[in-house]
Amino acid sequence: MMVLYKKMNINGLCIFFREAGSRDNPTLILLHGFPSSSHMFRDLIPLLADCFHIIAPDYPGFGNSSMPSTEDYPYTFENLSIVIEQLIARLHISHYLLYVHDYGGPIGFRLAMRNPQRILGFVIQNAVADEKGLGKPFDLFKALWADRNPTTEAAFAKLVTFDFTKSQYVLGACQPYLISPDGYSMDQFFLDRPGNSQIQLELGYDYRKNVEEYPAWQHYLRTYQPPALVVWGKNDFIFTLEGAYAFSKDLIHIQTYMLCGGHFVLEEQSWHVAELIKGFFVRL
């Protein structure tokens, strides 16, 4: 199945996205995490395109989308979600499934809160809606939120280094020889662009507003009961297992799978995840 590489102008921003599959099938929007892009779904997309219409965008400041400076564009999760919402509208997609990973969680839950009637369900891969889900690296976020100053900003900058980017891929991997260096090398290439570290700092500081929204997102889940498939890299050091199991407190139609792997579990489990998605959603 061919994957198409497209761009669309959204309010002056050039938004890159991957598209595959027939529009006659349900649409699945793939929302990537930090510090990645739609590139993280490169293996998954062809495996799903026979059953789904796939859209996988890069957010502003990530991947192949526009990267305006922080002076020219306010980098907040609210604004990123609005851009993705406008992209979906411009593509004339009325109803869709959401696949959320990491930063894709706050973007996807915002989409769902604003358009609950359009959401057909969720695939949740290492993204949280409960404060118990925040792992050790979020100590750097919390220090920044509590007192943003040169010291906490410098400490946060550790999260955009090559060593940390690579660690997100290799720590917790069950089959290390399946972890291609292409993933973390591609991510770091985009992180190293002049001005991008400031973008990531602004989003890191804005992440505090996501935590404030957790109770509202939980209320949305309890109220609207979207079907949810949780596919979790169980050795993730960024988001905890408590964060994965927390969704079961709010949702009735949910299946949770703890997969052997880390934060970027698709690097070694794309085929397994694709089969779980098909088994869960195709019969809905």
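**Reading aromatic pairs and cores**

Reader: At 25% relative accessibility, how does F237 count?

Author: In this predicted model, a residue counts as buried under 20% and as exposed over 50%. F237, at 25%, is therefore partly exposed. F164 has a relative accessible area of 10%, so this residue is buried.

Reader: How many aromatic pairs does a search of the whole structure find?

Author: The search gives 27. To name a geometry, look at the angle between the planes: over 60 degrees counts as edge-to-face. Y59 and F62 have ring centres 5.7 Å apart and planes at 80 degrees, so they are edge-to-face. Y59 is buried at 0% relative accessible area, and F62 is buried at 2%. The rings of F164 and F237 also make an edge-to-face pair, because their planes lie at 80 degrees, with centres 6.0 Å apart. That pair links distant parts of the chain, 73 residues apart: F164 is in helix α6, F237 in the loop between β7 and α9.

Reader: Which residues do ring pairs link into a cluster?

Author: The cluster holds F34, F77, Y103, F138, F141, W145, F156, Y207 and F239.

Reader: Which charged residue sits over the ring of Y205 at 5.0 Å from its centre?

Author: R148, through its charged end. R208 lies over the face of Y205 too, at 4.0 Å from the ring centre.

Reader: Which residues touch the most other members of the largest nonpolar core?

Author: L31, L98, F122, Y207 and F247, out of 63 residues. Helix α8 supplies the largest share of this core, nine residues. Apart from it lies another core of 32 residues, including F52 and A173.

Terms used. Residues numbered from 1 in each chain as written. Predicted model: local features only at pLDDT ≥ 70, side-chain atom pairs only at ≥ 80, totals over all residues. Heavy atoms only, no water. Core = buried A, V, L, I, M, F, W, Y, C linked by side-chain atoms within 4.5 Å. Buried < 20%, exposed > 50% of the residue type's maximum accessible area, 1.4 Å probe, protein only. Helix = DSSP H or I, 4+ residues; strand = E, 2+ residues; numbered from the N terminus. Phe/Tyr/Trp six-rings, centres within 6.5 Å; stacked < 30°, edge-to-face > 60°. Lys NZ or Arg CZ within 6 Å of the ring centre and 35° of its normal.
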